[in-house]
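Visitor: I am new to this structure and would like to learn how to read its features one at a time. Could you guide me through it?

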Amino acid sequence: MKKSSVGFSIVVPVYNSEKTLPELVMRLNQVFNSAGYSYELIMVDDSSYDNSWDVLRELKSGNEHITIIRLARNFGQHNATLCGFNYANGDFIITIDDDLQHPPEEIPKLIVHIQSDDFNVVYGKYKPKNARYIENVLSRIFQKVIHHILGVPDNIFSSSFGIYKKSLIKNMIVIKNSYPFIFALVVQSTTSRKIGHIDVQHYDRIIGLSNYGLIKYIKLSLNLIINYSSWPLLFISYIGFIVSLLSILYGLSIIIYKMINSSYGLMGWNSLMVAVSFLGGLLLFSMGIIGEYLKRILMETSYGQQYVVSELEL
């Protein structure tokens, strides 16, 4: 059963954050209570292996604003966030991480910006202060990959700290994909000129380590490329076309040389190489075309589960 409509829904994907959750919830309550906003906190536990779920249940027992959801297994941050979106009742939906690197006290900046300008979503823009240089480099590279694949201008910033209009969220949650990527869903649901950002503070991680390492970024990049672009198919098609074209040119050159010098080449070898190269290139080109049809069929028919709820306490 859904709660009645509120002004703001704060969606927090939770993963192994038992030590930061009490302070996060306390600071979120202080921000919204002091401003007099009606709000709800939607905490989605992405099957943590620490005591995060027990901490969430304890926090909920004394706070009527909290809804806690536990996923049956680990689906990932984007799936957990999307799960929270489906249970959000607010006119505006805010996303924030569970590690306190995004200070809740910066949320009013997002609220003022989205209410005063004609944006459907506003992200908090910041410069990462992680001590680990490699994490900053990977983050910047991943941002470049996102912009290039989704075809959005470089001046548009995306992050997990942002505020969305309810109308945008409604458009996003109807897009069914087993491997959702929140910013990709935003781009599919609104225009670039409706995406804004505002500078916010960003703190160092005090407890634990980032879940985003090299392997994580590679997996996210592959999911993004495969699910939201046709790069692999185009690459195979282009390679096939180029190989086919080169084999034709090679065949013509052999014919010309053979006409000039009848003793040129081993008997049968040249014609065999031309035939193999041409057929190989043609096969690659054909696979690219077939792959494009398969991709479109999969987009329409075959998607798995975005998330599975194990426990829910409203």
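**Reading strands and helices**

Guide: Let us begin with one pair of residues in this predicted model: Tyr 123 stands opposite Gly 162 in β6.

Visitor: Which strands pair with β6, and in what sense?

Guide: Strand β5 (residues 121–125) and β6 pair in the antiparallel sense over three bridges, while four bridges join β4 to β6 (residues 162–165), and these two also run antiparallel.

Visitor: What span should the 15 residues of helix α1 have, and how far apart are its end C-alpha atoms?

Guide: At 1.5 Å a residue, α1 (residues 21–35) should span 21 Å, and its end C-alpha atoms are 21 Å apart, so the two values agree. After the helix comes Gly 36, whose phi is positive, near 75°.

Visitor: Which residues of α1 are buried, and what covers them?

Guide: The buried residues are Leu 21, Leu 24, Val 25, Arg 27, Leu 28, Asn 29, Val 31 and Phe 32, and their cover includes the strands β1, β2, β3 and β4 together with the helices α2 and α4.

Visitor: How do the axes of α6 and α7 cross?

Guide: The axes of α6 (residues 166–173) and α7 (residues 182–189) come within 9 Å and cross at roughly 105°, which means that α6 is roughly perpendicular to α7. Leu 168, Asn 171 and Met 172 in α6 meet Ile 182, Leu 185, Val 186 and Ser 189 in α7, a contact with five nonpolar, two polar and no charged residues.

Note on methods
Residues numbered from 1 in each chain as written. Predicted model: local features only at pLDDT ≥ 70, side-chain atom pairs only at ≥ 80, totals over all residues. Heavy atoms only, no water. Expected span 1.5 Å × (residues − 1). Buried < 20%, exposed > 50% of the residue type's maximum accessible area, 1.4 Å probe, protein only. Contact = heavy atoms within 4.5 Å. Pairing = 2+ DSSP bridges. Axes fitted to C-alpha atoms, helices over the stretch in contact; angles between N-to-C directions. Parallel < 35°, antiparallel > 145°, perpendicular 65-115°, else oblique. Nonpolar A, V, L, I, M, F, W, Y, C, P; charged D, E, K, R; others polar.
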